[in-house]
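Please look over the sequence and the model below before reading on. The paragraphs that follow lead through it part by part.

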Amino acid sequence: MVDSQYYLPNDIGISALDCGEAFRLLSPQEKMYAHNLSRAAWYGGLAVLLQTSPESANIFVLLQRIFRKQTPAQLEQVATAAGLSSEEYQAFLVYAAGLYANMGNYKSFGDTKFIPNLPKDKLKALVWASQAFQEQPSAMEALWDSCSGLLYSLEDRQKQLGLGDKGITTYFSGNCCLEDAELAQKFLDSKKLSAYNTRLFKKDNGGKACYEVRLASAVQKVFLTPTFDLFVLLTIISQTYAANENQRKMLEEYQRSFTLGSVDAHKEGSRYWIKDKGPIVESYIGFIESYRDPFGSRGEFEGFVAVVNKAMSERFAKLVGSAEVLLPELPWPREFEKDTFLKPDFTSLDVLTFAGSGIPAGINIPNYDDIRQSEGFKNVSLGNVLAVAYATQKEKLTFLKEEDKDLFIKWKGPSFEVQVGLHELLGHGSGKLFVQDDQGKFNFDESKVVNPETGEPVSSWYRGSETWDSKFSTIASSYEECRAECVGLYLCLNKQALSIFGHDEQDAEDVVYVNWLSMVRAGLLGLEFYTPESKSWRQAHMQARFVILRVLLEAGEGLVGLEEVTGQDGKPDARITLDRSKIHTVGKNAIHRFLCKLQVFKSTADVDGGRALYDGYSTVSDSGAYNFLRLRETVLLRKEARKMFVQANTRVSGDSVELVEYEGSAAGLIRSFTERFQEDAEQLETNLLELNKRDATCWC
């Protein structure tokens, strides 16, 4: 029996992202702009296959070749004749849908490997019986041989992403360890180079270690081309349909960035993107989030295209307008806040395209510290994702009291909308980094600013080209998500913030209660994403929520209760409770103290202090008041698989652009991908296989 965490269940939730009405309201020019940017995002997004695991690209090509010849419905008869049961064939479809949705065979949320939930010989029989195999038997057999071993492998190192002996990564060659990553980071910092669009390969040069830093670029033809050439071409075409000069210049800089592998060009494009206020069609593209780099410095490729939801965006605009009133409420001294709050765009968007390994509910970008600190940023809330991602059936709602469940279901959506808004705008958008530049100039008065935790003058800061990611590396992503989540919890207690979202009086109190209850429950659920064998966390947000649960349990006074119980099915269960009468007192005070510490360590570049604090609360053990290792087993026993999303395609028909939508099912998700790359499928697949083969010897 395979542990259930390593396969996707046949009844996994799969929902179509609805953007039909939003797309219909676009002008012909806006539709053409959205279409070309979407194509660029999808082609660029294929890079994620190469960033995930050595076998992901080959599995993708295997599936594409099978489903290009036969639809899931047509293949079902073949599967039956090959000896697969209906459950086994559904398991194959779910696996394929999961591979497409995660752009690889590791979960984008949690970094755990997933394998097909059917015997290997049954899957092989299906591949051999497929029309694709009948037409090209030698090529398909070679493709199967190249990936079938790793496709099913669950050796310890194969079970999760990680560096060295802790897991699999293609951001580093297989012979790299943490010390190599640290050495390379110091080198890049000394040369004022960003690691965002790089991978690191260690080679032996006559007994001496030699490091190769590879940049993602079309010109050098090392990392991602020739697929990237087409992606660059599509960004050029998009310029024709841009709505204004900022969009045109933004795309010009992106073109330069992806052609030459220049992060500086991408930063320049991001500056134009920030200036493009309130566009009808919003987009961002590049190597963005560093969650999946085990060292925390390299960005995974993503590209999104979305349409503004004007009604919901009005609420977020009001929140932006109130930011200068709400920011002083945060628990750190004024000197630890940015000198000026640069009012960003904050819009609610309906996603048309989100290419990458997963789709978030909200985003605060760009991630470049120097731009965010002094020039600004944008926030987006992805409305059609929120609408379907967090819908929950009562019978599947775990670890809550029965009397909490109806209230939770009623207010989960509205409370999460509040949390996302506060988290993105005033969480990620707040706080100052103390910096001394290369000329010795400080962005703060080092003789006067006092550390509130010690009462002494600030004694550490960022120097030169050091950044938050490069300094805090392995904990940077989760630590920052924790800080933003705490800001959301803290400021949702503010009546003005709640009123902006239309919640007053008793409704407002219910929103607060469910938001806090949701957070402590999420902290318990987070244990699914902890690996005891390596004592490591696999998901930044869920580690952050577990840390917050620990902080609130530590606050005591009956604020949060957590007990192990026996479920109605006779199996281990757990119950988490929250005393709503103590949220504004005990809860607020606990988050106040913890949030101030998080910000002070971040502002002052105090890596040792920050790591000690964060690692301490991240510890999962079987000792103390709560046996978290045993609770983890209970969480795994009762976990619900994360939903997958089916996205539409766009296609040009004459002078207009059409939206092609698919049903919310595994078959619909598969069809969306096979139809996404129809025009040049064979060449594209050949390119992916060549690129993957080039580095095959580097992962051993």
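Leaving aside its neighbours within four places in sequence, which residues is Ser 130 in contact with? The contacts of Ser 130 are Ile 66, Gln 70, Leu 75 and Val 78, where contact means heavy atoms within 4.5 Å. Ser 130 sits in the loop between α7 (120-129) and α8 (131-135); helices (H or I, at least four residues) and strands (E, at least two) are DSSP runs, numbered from the N terminus. Ser 130 has 0% relative accessibility and therefore counts as buried. Buried means under 20% relative accessible area, exposed over 50%, and partly exposed in between (1.4 Å probe, protein chains only). From Ser 130 to Gln 506, 376 residues apart in sequence, the C-alpha to C-alpha distance is 60 Å.

This is a predicted model, in which local features need pLDDT of at least 70 and side-chain atom pairs count only at pLDDT 80 or more, while totals for chains, interfaces and linings use all residues. Residues are numbered from 1 along each chain as its sequence is written, and side-chain values use heavy atoms, with hydrogens and water left out. The pLDDT is the predictor's confidence in each residue, from 0 to 100. Its average over the protein chain is 93, and 97% of the residues score at least 70. Residues 222-226 have a pLDDT below 50, and in the model this stretch has 18 contacts beyond near neighbours in sequence.

Helix α7 also holds Trp 128. Trp 128 has a relative accessible area of 24%, so it is partly exposed. Not counting residues up to four places away in sequence, Trp 128 touches Phe 133, Gln 134, Glu 141 and Trp 144. Its C-alpha atom is separated by 59 Å from that of Asp 579, 451 residues apart along the chain.

Next come the nonpolar cores. A nonpolar core is a set of buried Ala, Val, Leu, Ile, Met, Phe, Trp, Tyr and Cys residues joined through side-chain atoms within 4.5 Å. The largest one has 106 residues, and those with the most contacts inside it are Leu 46, Phe 60, Phe 67, Phe 92, Phe 304 and Leu 382. Helix α6 (residues 86-102) gives the largest share of this core, nine residues. A second, separate core has 92 residues, among them Phe 316, Leu 426, Phe 501 and Leu 562. Phe 60 is in contact with Leu 46, Leu 49, Leu 99, Tyr 100, Phe 673, Phe 677 and Leu 688, leaving aside its neighbours within four places in sequence.

Grid points are joined across faces, edges and corners, and a volume is the space filled by probe spheres set on the points.

The second largest pocket has a volume of about 1300 Å³. It is lined by 47 residues, of which Lys 267, Asp 370, Ser 465, Glu 466 and Thr 467 are the closest to its centre. At least two lining residues come from each of α10 (178-190), β3 (208-215), α13 (263-275), α15 (369-374) and α18 (468-491). The lining of this pocket divides into 14 nonpolar, 17 polar and 16 charged residues; Ala, Val, Leu, Ile, Met, Phe, Trp, Tyr, Cys and Pro count as nonpolar, Asp, Glu, Lys and Arg as charged, and the others, Gly among them, as polar.

Seven cavities of 30 Å³ or more are found in the whole structure. The largest cavity has a volume of about 70 Å³, and its lining includes Tyr 196, Ser 257, His 266 and Tyr 368. Both α12 (245-260) and α13 supply at least two residues of that lining, which has six nonpolar, four polar and no charged residues.

Some backbone angles remain. Most residues other than glycine have a negative phi, and most peptide bonds are trans. Ile 365 and Pro 366 are joined by a cis peptide bond with omega about 5°, and Pro 366 is in the loop between β7 (362-365) and α15. Lys 192 has a positive phi of about 55° and lies in the loop between α10 and β2 (198-205). Ala 605 has a positive phi near 55°.

Notes:
1 Å grid on protein atoms, 1.4 Å probe; cavity = no way out; pocket = protein on both sides within 12 Å on 5 of 7 lines; lining within 4 Å.
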